[in-house]
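Subject: Structure handover

Hi,

Here is the structure we talked about. My notes follow below it.

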Amino acid sequence: MAGRMVVGSAALAELVRPASAPDPAGGHRVLPVRPELTGLLPHRGLRRGSTIAVGVGQPRHSGGTSLILALLAEASRAGSWCAVVGVPTFGAGAAAEAGIALDRLALVPHPGPEWPTVVAALIDGVDVVVTAVPAPVSASVASRLAARARQRGSVLVPYGRWDGADVTLRVVRGVWEGLGAGRGRLRRREVTVSARGRGAAARPKEIKVWLPGDELTRVIPRTAGRLRRVTPAPAVPSRRGALALVGRA
């Protein structure tokens, strides 16, 4: 699998600056997401300039990474560049299975102490920037990165606690399927995803969805009512290749 190592924020900035220049989706203010996730977002997609946080559940590894994959897949298919910072367990294989184009995916597993600088450089040239949130993050750093995303038209996706996000998504429950009477293989997981935010997203929402995807998604309204079925778009085969970036340790 192809890869590239970059050391230092200056070299990183030179690499990502032209990354989204030829992006055919660049003129659209809202990047697409999987159909079953549209109801969680106030603009039914990833609005450029917004901050969409993915909260860490309990236990910590409780479906958040799978939710990030689901958020990135449609935007990547449409031609957008994506970056994932500070998530060393984020696998290119899983990204390819989710439909993310690996030749437009930048991975910075260990950004080091220059984390804010690395994220800011990626915001300048990448359409969607996912970043694990090191604890603690000062309010001034969070505000500065969110403002930079608004200015550059990038979508910032903090993974962890992030005060002031436009929307915070969180996997609140999950049930695995695939194991029989003591044998079998884990195949998929039905998770409940909640969304809370401000402004147009102030009203809490929840859905149930299979991760990895399934042809049936059950949407749970806040009040009693029938479940609604949504059929997602057909999968698009992923393209080979990956871009790996490493910041200064």
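Ser-66 first: it counts as partly exposed, because its relative accessibility is 32% (buried means under 20% relative accessible area, exposed over 50%, partly exposed in between, with a 1.4 Å probe and protein chains only). Ser-66 sits in helix α2.

Before the rest, the ground rules. This is a predicted model, in which local features need pLDDT of at least 70 and side-chain atom pairs count only at pLDDT 80 or more, while totals for chains, interfaces and linings use all residues. Residues are numbered from 1 along each chain as its sequence is written, and side-chain values use heavy atoms, with hydrogens and water left out.

Helix α2

α2 covers residues 64-77 (helices are DSSP runs of H or I, at least four residues, and strands are runs of E, at least two, numbered from the N terminus). It has 14 residues and reaches 21 Å from first C-alpha to last, close to the 20 Å expected (1.5 Å times one less than the number of residues). The helix is mostly covered, with 11 of its 14 residues buried. Among them are Gly-64, Leu-67, Glu-74 and Ser-76. Gly-79 follows α2 and has a positive phi, near 115°.

α4 against α5

The axes of α4 (residues 115-125) and α5 come within 9 Å and cross at roughly 10° (axes are lines fitted to C-alpha atoms, for helices over the stretch in contact, and angles run from 0 to 180 degrees between N-to-C directions). So α4 is roughly parallel to α5 (angles under 35 degrees count as such). On the α4 side, the meeting residues include Trp-115, Val-119 and Ile-123; on the α5 side, they include Val-141, Leu-145 and Arg-148 (contact means heavy atoms within 4.5 Å).

Ser-154

Ser-154 lies in the loop between α5 (139-152) and β7 (155-159). Buried or exposed? Ser-154 counts as buried, because its relative accessibility is 1%. Its side chain reaches two backbone oxygens: that of Val-126 at 3.0 Å and that of Asp-127 at 3.1 Å. Leaving out residues up to four places away in sequence, Ser-154 touches Arg-48, Gly-49, Ser-50, Ile-123 and Ala-149, among others.

Best wishes

Terms used: Polar contact = N/O pair within 3.5 Å; in protein donor to acceptor, adjacent residues only side chain to side chain. Parallel < 35°, antiparallel > 145°, perpendicular 65-115°, else oblique.
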